[in-house]
Amino acid sequence: MPVIPDPRRAARAGVPGVRSQIFALGGFLALSAVAWLLASVPIILNSNGWYAGSVKAPWMPPSWMFRTTWMVLYIGVAVAAWLVWRKGGLTGGTRAGYAVQLVLNAAWPMAFFALYPMLGAAALWAAFMVIFALAATLAFLVLRFGPVDAAAGFLVLPYFSWVVFSASLNLYSAVHN
């Protein structure tokens, strides 16, 4: 959707003005940054504890890859939500799905890393259920974002793929720890 330079024309066309679009993009990026920071805390606090000595999947990538990948994916989903918002499609169930994926993504490290010292393997299975719900929510978002803005739907696909990959790592940990 092209940006309409005349604010009066934009208002009549139902298109958010340039300022609103910039502010909204900043808001979506900020929401992703908050979710990323919340998700990082239990990882940082527990990665040298029980997790360092745990059995990991043979296909586990290096830890630096997780930080980098998640940052890129959070930016991608923020941009996807913004693209859908610009077209008036971030309403009702779609908006709820967007919010749920942020909450689930922040909740997964809490379940996987922070609860393990208290619950043991049960925490890993609980985390698997959270990441499974996250994958389902992302599939929902692909189906809801795509028809509104094809680029937005495509931006969620790498996030979905990474979550499915991460779920395989989670499942391996749950079975072997």
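Which residues does leucine 90 touch, not counting residues up to four places away in sequence?

**View 1. Overview of the predicted chain, which holds 7 helices and 0 strands.** This is a predicted model, in which local features need pLDDT of at least 70 and side-chain atom pairs count only at pLDDT 80 or more, while totals for chains, interfaces and linings use all residues. Residues are numbered from 1 along each chain as its sequence is written, and side-chain values use heavy atoms, with hydrogens and water left out. Helices (H or I, at least four residues) and strands (E, at least two) are DSSP runs, numbered from the N terminus, and read along the sequence they give the pattern α-α-α-α-α-α-α. The C-alpha trace spans about 60 × 25 × 25 Å along its principal axes. Of the 177 residues in the chain, 42% are buried, where buried means under 20% relative accessible area, exposed means over 50%, and partly exposed lies in between (1.4 Å probe, protein chains only). Among contacts (heavy atoms within 4.5 Å) with a separation of 6 or more, 80% come from residues 24 or more positions apart.

**View 2. Leucine 90 in the loop between helix 3 and helix 4.** With residues up to four places away in sequence not counted, leucine 90 touches Phe28, Ala81, Val84, Trp85, Arg95, Tyr98 and Phe145. Leucine 90 counts as buried because its relative accessibility is 9%. From leucine 90 to phenylalanine 145 the separation is 55 residues in sequence and 8.4 Å in space, C-alpha to C-alpha.

**View 3. The salt bridge between aspartate 149 and lysine 87.** A search of the whole structure finds 1 salt bridge, defined as a side-chain nitrogen of Lys or Arg within 4 Å of a carboxyl oxygen of Asp or Glu. In the pair formed by aspartate 149 and lysine 87, the closest N and O atoms are 3.1 Å apart. The two residues are 62 residues apart and link distant parts of the chain, with aspartate 149 in the loop between helix 6 (121-148) and helix 7 (150-176) and lysine 87 in the loop between helix 3 (63-86) and helix 4 (92-114). Aspartate 149 is buried at 9% relative accessibility, whereas lysine 87, with a relative accessible area of 35%, is partly exposed.

**View 4. Helix 3 and the glycine that follows it.** Helix 3 has 24 residues and reaches 35 Å from its first C-alpha to its last, close to the 34 Å expected at 1.5 Å a residue; the expected span is 1.5 Å times one less than the number of residues. Glycine 88, which follows helix 3, has a positive phi, near 75 degrees.

**View 5. The largest nonpolar core, with 44 residues.** A nonpolar core is a set of buried Ala, Val, Leu, Ile, Met, Phe, Trp, Tyr and Cys residues joined through side-chain atoms within 4.5 Å. The residues with the most contacts inside this core are Phe28, Phe112, Phe145, Val156, Tyr159 and Val163. Two or more residues come from each of helix 2 (18-46), helix 3, helix 4, helix 6 and helix 7, and helix 6 gives the most, with 12 residues.

**View 6. Aromatic pairs around tyrosine 51 and phenylalanine 112.** Rings of Phe, Tyr and Trp (its six-membered ring) pair if their centres lie within 6.5 Å, with planes under 30 degrees apart counted as stacked, over 60 as edge-to-face and the rest as tilted; by this rule the count comes to 16 aromatic pairs. The rings of tyrosine 51 and phenylalanine 112 are edge-to-face because their planes lie at 70 degrees, with centres 6.0 Å apart. Tyrosine 51 is in the loop between helix 2 and helix 3 and phenylalanine 112 is in helix 4, 61 residues apart, and both residues are buried. Ring pairs also link Trp50, Tyr51, Trp108, Phe112, Phe113 and Tyr116 into a cluster. Lysine 56 lies over the face of tyrosine 51, at 4.5 Å from the ring centre, under the rule that NZ of Lys or CZ of Arg is within 6 Å of the ring centre and within 35 degrees of the ring normal.

**View 7. Asparagine 105 in helix 4.** Asparagine 105 is buried, with a relative accessible area of 5%. Its contacts, not counting residues up to four places away in sequence, are Ala39, Trp70, Tyr74, Leu134 and Tyr159.
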